[in-house]
Amino acid sequence: MSPMPSSYLWLIPLLPFAGFLINGTLGRKLPRAAVTAVALLFTAIPAAIVAWLWITMKAAGAPEVIGVISQPWITITGFQVDFAFTVDHLTLIMLGVVTGVGFLIHLYSAGYMAHEEGYWRFFAYLNLFMFFMLVLVLAESFLLLFVGWEGVGLASYLLIGFYFKKDSAANAGKKAFIVNRIGDFGFLLAMFLLVEHFGNLNFTEVFSAISANPDWHGGILTAIALLLVLGAAGKSAQIPLYVWLPDAMEGPTPVSALIHAATMVTAGIYMVARCHVLFDRSPYALGVVAVIGAATAIFAASIGMVQHDIKRVLAYSTVSQLGYMFLACGVGAYAAGIFHLLTHAFFKALLFLAAGSVIHALSGEQDMRRMGGLRKRIPITFWTMSAGVFAIAGIWPFAGFFSKDEILYRTFTSDDPIGKLLWAVGLITAGMTSFYMFRLWFKTFFGPEKFKTADKDEHGHAAHGVHESPWIMLFPLVVLAILSVIGGWVGIPAALGGHNEIEHFLDPVFANASTAEAATVVVSHGLELTLAAISLLTAGIGFFFAYVFYYSKRGTANAIAHKSKPLYNLLANKFYVDEIYNTFIVTPLLMFTRLILELLVENGVVGGSGQAAGASAKGIGSLTRRIQSGNIRSYAGWLAFGAAAVLLVMIFGRSLWTR
Amino acid sequence: MQLALFIIFGALAVAGALNLLLQRHPINSALSLVVVMMSLAVLYWSLGAEFLAAAQVIVYSGAIMVFFVFVIMLLNAGEEERTEGSRAAYFVGFPGAAAIFCLLSFVFLSERKALGVANIGGYLNHLTSNISELSTVLFTRLLLPFEVTSVLILVAILGAVVLARKEQ
Amino acid sequence: MSAQVPIAAYLILAAVLFSIGVAAFLIKRNLITIFMSIELMLNAVNLTFVAFAHMWHQVSGQIFVFFVMVVAAAEAAVGLAIIIAIFRTRQTLNVDQIDLMKL
């Protein structure tokens, strides 16, 4: 097959953008089939181009990096940025995930959203999101990446608030956008520092400048790295900016699958991996990343254990798994982080889509307490979701096992002084993950049926009775289920008899990191096997507890919850983080703006100047009215006075206007 | 000679003006104004404007001031009463008038070197007379304005007739 | 005598007459007297013009005076006619009592 010409790279993001334009402007008038066709076509073609790109770059003798540059975008003395795309192996993986999983989700949405009004709007926004995400992934400079970064934030806001008539959805959209903005602020500051220090925002230039100076450590690089971490924390929902992700479940389920599981939230991880050259020079920043990752992982997992909404459980699970990826990057195991990103995309998207299928089957029910015994009613959904559950729990030989294990192993053997502690945290989180996923599994599919077939579901359509979803929704589930099973096999480590293809694939990208780790990797096959066995055991313990609480001895969970009510309440109310933010950040800010901006500026300056203008006009008017007294002599008096003034100006003011 | 003329008739003019100011009955003011105009006629003659001096006597004091006197007698205007006037006239007007005077004098005095001196009888060295020079300009270059002023006078006549007519 | 009168003297005389005219305008209460003060001011200006005509050895100043006289005549005619009309309606020539244009 002939290699792909690099100019085709432009098509990859621009085709979804064209789809957005068509559906956005004409979609209201087009029939549903046309809207679907446009959306799917303009997502499928980029997927095909990416496939071609894969073949091109995996062929023998293929270049490791392909790039394409446009006309200059910003050119001022000392600083230039172009629209430039670059594709290396890291980009290839991300492209594969975005276009592949993206296309599957588009397909799924065609079925899921079939009865929604605003169908065209949904696909327009979805295509817009694809465009921005692809720009983000393909970008060759921080600035272009930031364009994509902001754009996916915008698309996320639009899609979360898709059911804009619902207050909670609109508020969730605003919350997501605002919290993201805080992260963007960090990213912007990092870019400013980069421009000031390197005079450039291109990846190649900045990274080669850093590589060329092996003695640069810490200092400004730490500052830049920490600011980038702030941005990544916002986008990838880490502590302290994760609060938007659970609320983002107000959006339609395919949105949760695409944006808040597989792609947008991984942008932060991608950015950290892309800037690994920078992060490697700042052990402090890496330590911060690792700690944030581990803390978020266990924090979110603990909240997820007591949630009742099926989508909330998955949301907190996403936050937790993103913590794992952060942890991986924090200990320098970038390839492992990306590997987990890949497998997570598969099984998390699968889990969300399958949850959507369950919700669709139950005509809108999302509370797990009103589910149960569905495995006989919706078998295909059951089997595919099970694949996802086993994958995320880290059971061998499903995908999640290999990726999660790799991360835990690298954390244990890292140079980080608290590496072992982080490993323990990760291990406990793995146990919790297994527990709450199997809890979800048991509560949804096993046990007595607690749902009632309602007359109307939440979108007002007549209920269908519990039934399996149409094939257009099941097909993506099946594909993703297969990928969840075999997806991890590209990263089977040498210790378990594999070749760890993905790590070697990403070697050209993470050359620095992997050479540092090369020594430790070779030595301890035995250690790796032991650690793998431990994590498998932990997953099994999680399964066991879930089995006991939710299958064999039902009601045990309730009893424990009653006995430790304060702890349970703490978890169930998400550690009151939202309330804390509200009290300490939101309310003071609102009070301050009300005081300063509303009272001082709005009423004082703006309103005041308006009033002043009016009052002064009135005042001057009433003063000058007195001149019109009707008395001729007073007119004469003013005339004389005026004449004198004119004379004065004429005689002595000559210098004023000849200046 | 020049100086004597100037002083005498200048003083007369100022005295007449002050009298206009100070008299209470308008007829007295009118007659003082006639005195002012006559003195001004002499001053014009001393500056070489003979025609204007004649016109001043004939037209200004002979026609216009007579007209004033007619109206005063027609309306039988009596002495002025004291009424409460406007404050603005006193507080703003007088400073204004004083300022005008001061400014003008200041300018004239500071330029007095440049202004030069007057020669009695004019400057024409008896080559042409004042009146022929005046009429040359008036009937050649300024013929149109001259004719327009005659229309102006016609309009004024009409206006005066209409305005002063008894209501029917 | 051979003493020469500076032109400035004529001009200052004119300024004096003008200021007296303004003062009379402001002080007097009789309409006709006020009108006469206007005539006084016009005369003062005429004197200025003639003085300058003498200074510049030109006749244009005198032409100006000529036209001023014409206009003053027309104005006097119309103005006095108006005063007569006012007297007919208001029965007074006191300027303070003619203030219908008060706002």
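Helices (H or I, at least four residues) and strands (E, at least two) are DSSP runs, numbered from the N terminus. By that definition chain C holds 3 helices and 1 strand, and from the N terminus on the order of its elements is β-α-α-α.

This is a predicted model, in which local features need pLDDT of at least 70, side-chain atom pairs count only at pLDDT 80 or more, and totals for chains, interfaces and linings use all residues. Residues are numbered from 1 along each chain as its sequence is written, while chains are lettered from A and ligands numbered from 1 in the order in which they are written.

Of the 103 residues in chain C, 56% are buried (20 or more other C-beta atoms within 10 Å of the residue's own, C-beta atoms being placed from the backbone).

| Helix of chain C | Residues | Among its contact residues |
|---|---|---|
| α1(C) | 7-27 | I7(C), L17(C), F25(C) |
| α2(C) | 31-56 | I34(C), L47(C), M55(C) |

Contact here means C-beta atoms, placed from the backbone, within 7 Å. The contact of α1(C) with α2(C) comprises 19 nonpolar, 5 polar and no charged residues (Ala, Val, Leu, Ile, Met, Phe, Trp, Tyr, Cys and Pro are nonpolar; Asp, Glu, Lys and Arg are charged; the others, Gly among them, are polar). The helices pack at an angle of about 165°, with their axes 8 Å apart (axes are lines fitted to C-alpha atoms over the stretch in contact, and angles run from 0 to 180 degrees between N-to-C directions). They are therefore roughly antiparallel (an angle over 145 degrees).

Between chains, 13 residues from chain B meet 14 residues from chain A. The side of chain B that touches chain A has 9 nonpolar, 4 polar and no charged residues.

Technical notes
Contact = placed C-beta atoms within 7 Å. Parallel < 35°, antiparallel > 145°, perpendicular 65-115°, else oblique. Buried ≥ 20, exposed ≤ 12 C-beta atoms within 10 Å, placed from the backbone.
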